[in-house]
Amino acid sequence: MFNQSLSDHLKRKFQRDQILLSAIRANLPQLESLLVPFQAMYEDGIYRFYHQSFKVYQLQGYTSKAAEIFKLIAKDTNNKLCEWFEEIVAAGTGFVWEPEHNQSWTVHTRPIVEAFLHARYFLEMMTKYGRELDAAPTMLPTGWAAILELYDQR
């Protein structure tokens, strides 16, 4: 009885993971289209942070675009995004630069950089595993396990 229950649980988990992988693969063109701009903005945005340039605020648009795709995938799979990710994105988007931000630069801009880096990580993991995996793995690579965490499936 216990073994059958465990077996059923594992089958349902695998099916959910497969549905998630299929949704990621279906959205792969949109995810991949963000890779090049994310790489360019990664190099430029981190520099802008340290240079104390208002252009670091541009990272927010890329973070929001990635989060929108992630939310579409969540909707397609009857999931929700991880609360922590949502919190990080909310804390790092929606800001407009004001000259007085320069007086407390890191207070205003670190959340923007943090949100961008988290979005970049998940974007890279989804494109990597969306390309590499034909089926949801049972032995979890760390990046795939992180994706499952993002969609509250781990």
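User: Which helix holds Arg110, and is Arg110 buried or exposed?

Analyst: The model is predicted, so local features need pLDDT of at least 70 and side-chain atom pairs pLDDT 80 or more, while totals for chains, interfaces and linings use all residues. Residues are numbered from 1 along each chain as its sequence is written, and side-chain values use heavy atoms, without hydrogens and water. Arg110 lies in helix H5, helices being DSSP runs of H or I with at least four residues, strands runs of E with at least two, numbered from the N terminus. Buried means under 20% relative accessible area, exposed over 50%, partly exposed in between, with a 1.4 Å probe and protein chains only; because its relative accessible area is 55%, Arg110 is exposed.

User: What separates the C-alpha atoms of Arg110 and Val56?

Analyst: Arg110 and Val56 are 54 residues apart along the chain. The separation of their C-alpha atoms is 9.7 Å.

User: At roughly what angle do the axes of H5 and H6 cross?

Analyst: Axes are lines fitted to C-alpha atoms, for helices over the stretch in contact, and angles run from 0 to 180 degrees between N-to-C directions. H5 covers residues 105-132 and H6 residues 142-150. Their axes come within 9 Å and cross at roughly 115°.

User: Which residues of H5 meet H6?

Analyst: Contact means heavy atoms within 4.5 Å. On the H6 side, Thr142, Gly143, Trp144, Ala146, Ile147 and Leu150 take part. Their partners in H5 are Tyr121, Phe122, Met125, Met126 and Tyr129.

User: Why is H2 described as roughly antiparallel to H3?

Analyst: The axes of H2 (residues 28-51) and H3 (residues 59-76) come within 10 Å and cross at roughly 150°. Angles under 35 degrees count as roughly parallel, over 145 as roughly antiparallel, 65 to 115 as roughly perpendicular and the rest as oblique. The crossing therefore makes H2, relative to H3, roughly antiparallel.

User: How many nonpolar residues does the contact of H2 with H3 have?

Analyst: Residues of H2 including Leu31, Leu34 and Phe38 meet residues of H3, among them Ala66, Ile69 and Phe70. Ala, Val, Leu, Ile, Met, Phe, Trp, Tyr, Cys and Pro count as nonpolar, Asp, Glu, Lys and Arg as charged, and the others, Gly among them, as polar. The contact has 3 polar and 1 charged residues, and its nonpolar residues number 11.

User: What percentage of the residues in the chain is buried?

Analyst: The chain has 6 helices and 0 strands. Of its 154 residues, the buried ones make up 41%.
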